[in-house]
Amino acid sequence: MEIDVTSSPIEAVDADSFALAIPDPADPLPPEVEGLWTLVASGEAPTQRGGARLVHVDGRRLVCAGVGPRADVDADAIRDAAAAAVQELQASVGGSVAWILDPALLAPEEQARAVIEGAVLGGYDPGAWKTQNDRPLIERLTLVSEVDVGETTRRARVVAEWTNHARDLANRPANDLTPVGLAEHAAGIAARFETLTSSGLGSEEMLARGMGAILAVGQGSENEPRMILMRYEPPWPTQPDLVLGLVGKGMTFDTGGISLKKRDYMEDMKGDMAGGGAVIAAMGAIAELGLPVRVIAVVGAAENMPSGSSYRPGDVLTAMNGKTIEVTDTDAEGRIVLADALAYAREEGATHLLDLATLTGAMERALGDFYAGVFGNDAAWRDEVVAAGEASGDHAWPWPMHPRYGRFIESAFADMKNHNIRSQGIPVYAAEFLREFAGEGPWAHIDMAGTGFLTWSRGDYLSQKGGTGYGVRLIAELAARLSA
Ligand code: BES
Ligand code: ZN
Ligand code: ZN
């Protein structure tokens with residue numbers, strides 16, 4: 001989708017269709033579209049949030065997208081409206097559309113950003129493997145605004161497109177995307193930017209570095225694991241001593257291993273690399289935006305399979321930082337992979353760590369598909385992550401940590417165990433486990449099990465089943481704030 005901005009009066013704008021958000025009819029509409037009033041009054045134009053309808057006014061094709069009462073209009077309402085409008089057009093005519101910003105709804109910059117996100121994310125099609133797919137696409141979106149929103153628009157487009165890129169990765173099935181494939185994909189992104197490099201450690205190199213944790217998780221699969229490392233070096237970082245370290249869980253498939261999962265919805269476990277995919281795509285976004293902040297990314301990529309060579313309950317592993325782990329459940333594999341990934345990111349120079357992982361089903365049960373849970377060893381850093389999430393649309397909520405939870409991971413045989421049979425506080429003691437590998441300095445952990453990959457449509461602008469790209473917008477916002 002091509003995206004541009006114009007301040008021309010709408011009579012002078014060349015587009016196949018026009019679109020705008022319509023609040024509750026208690027408020028007047030922009031004067032350019034007063035003809036709409038009759039439609040609103042007759043109930044033909046929807047004003048309820050989420051609805052969109054194609055109508056004709058004064059010979060123009062117009063899509064009205066409802067946003068509900070004006071007082072309740074926020075960025076998510078605008079995202080929903082833009083997504084509904086794009087879906088309405090892609091179900092009928094496609095072509096080009098001009099979106100008329102209404103400054104009375106939301107500040108122009110925030111509104112422009114939300115329209116782009118809603119349009120780009122709402123227009124996403126997960127059906128890449130369908131052999132017949134000929135719906136008409138929106139080719140161009142023009143924002144009509146009196147205020148200059150050009151720079152905001154450019155940034156929002158970059159971030160939204162990389163978010164869809166992360167969705168593509170999460171939606172790729174495990175017979176198509178292996179750990180080696182993910183590493184190759186990261187290398188392909190890095191090749192596009194002079195500021196970005198990518199490398200991947202294979203089994204031999206991981207063994208040499210003492211990464212006994214990720215190696216154990218990957219040993220049951222024919223598809224070898226990879227520890228992916230990306231590095232972004234901008235020419236003039238604003239804070240040369242700060243290195244943002246992004247860490248992602250990259251399970252290209254999680255069967256649970258010997259502690260096998262039950263069959264229902266197991267196909268969704270192709271999305272267990274959504275955190276890693278978000279981290280890789282976010283590096284692309286950061287490089288394309290040219291943000292003046294140093295960033296490294298580490299993604300632990302592996303496939304968790306049951307086989308004659310799988311790791312087993314009872315096995316004791318030694319992670320890169322020398323700590324030992326008793327495996328009591330092979331399905332709690334994400335934290336094991338992250339153990340080596342976090343230690344590696346610190347060794348490679350990360351000063352501020354953030355990991356993203358589809359870590360616990362319990363987080364999905366707790367917060368559903370809208371908020372991810374955020375933990376940290378440093379309240380200020382955790383709160384920065386939460387704030388970046390809230391500002392970006394990747395909603396995030398703080399969760400507590402406390403040394404007292406440490407008793408849940410005490411092992412009789414090793415430094416810790418990876419799972420406690422008690423079904424209490426599961427996301428919290430997963431975070432306590434990770435803390436053991438986060439080293440010195442601020443670290444935050446996002447458990448995005450509910451938000452990263454949708455089993456069912458969310459019914460809003462993320463209306464498609466599958467990968468959501470959760471984390472890309474949050475990371476881009478966080479990196480932009482660290483560049484300021
Ligand atoms: N990948 C899963 C978590 C998950 C579940 C993500 C549902 C998205 C949707 C993770 O590896 C896992 O299996 N976790 C276990 C942990 C338990 C054994 C402590 C879980 O959630 O049951
Ligand atoms: Zn698992
Ligand atoms: Zn998993």
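The points below are grouped by topic.

This is a predicted model, in which local features need pLDDT of at least 70 and side-chain atom pairs count only at pLDDT 80 or more, while totals for chains, interfaces and linings use all residues. Residues are numbered from 1 along each chain as its sequence is written, chains are lettered from A and ligands numbered from 1 in the order in which they are written, and side-chain values use heavy atoms, with hydrogens and water left out. Helices (H or I, at least four residues) and strands (E, at least two) are DSSP runs, numbered from the N terminus.

**Zinc site**

- Asp 254 (OD), Asp 331 (O), Asp 331 (OD) and Glu 333 (OE) coordinate the zinc ion (ligand 2) at 2.0 to 2.2 Å.
- Donors are N, O and S atoms within 2.8 Å of the metal (3.2 Å for Na, K and Ca); water is not among the atoms, so sites may look incomplete.
- The site of the zinc ion (ligand 2) is irregular, with angles of 71 to 166° among its six donor atoms.
- Along the chain, the donors of the zinc ion (ligand 2) follow the spacing D-x76-D-x1-E.
- The zinc ion (ligand 2) and the zinc ion (ligand 3) lie 3.2 Å apart and are bridged by Asp 254.
- Asp 254 lies in strand β9 and Glu 333 in the loop between β12 (324–326) and α9 (334–347), so the pair ties together parts that are 79 residues apart in sequence.

**Sheet and helices**

- Six strands form an open sheet with mixed pairing, in the order β1-β6-β5-β2-β4-β3.
- β1 (2–6) and β3 (52–57) are the edge strands, each pairing on one side only; two strands pair if DSSP finds at least two bridges between them.
- β3 pairs with β4 (residues 60–68) in the antiparallel sense over six bridges, and Arg 53 has Cys 64 in β4 as its bridge partner.
- Helix α2 (residues 75–90) lies across β2 (17–23), β3, β4, β5 (95–100) and β6 (138–144), at about 145° to β4.
- Helix α3 (residues 108–122) lies across β1, β5 and β6, at about 170° to β6.
- Axes are lines fitted to C-alpha atoms, for helices over the stretch in contact (heavy atoms within 4.5 Å), and angles run from 0 to 180 degrees between N-to-C directions.

- Tyr 265 is not a glycine, yet has a positive phi of about 65°.
- Tyr 265 is found in the loop between β9 (243–254) and α8 (274–289), and counts as partly exposed at 43% relative accessibility.

How values were computed
Buried means under 20% relative accessible area, exposed over 50%, partly exposed in between (1.4 Å probe, protein chains only). Four donors count as tetrahedral if all angles lie between 85 and 135 degrees; four count as square planar and six as octahedral if opposite donors are over 155 degrees apart and all others between 65 and 115; anything else is irregular.
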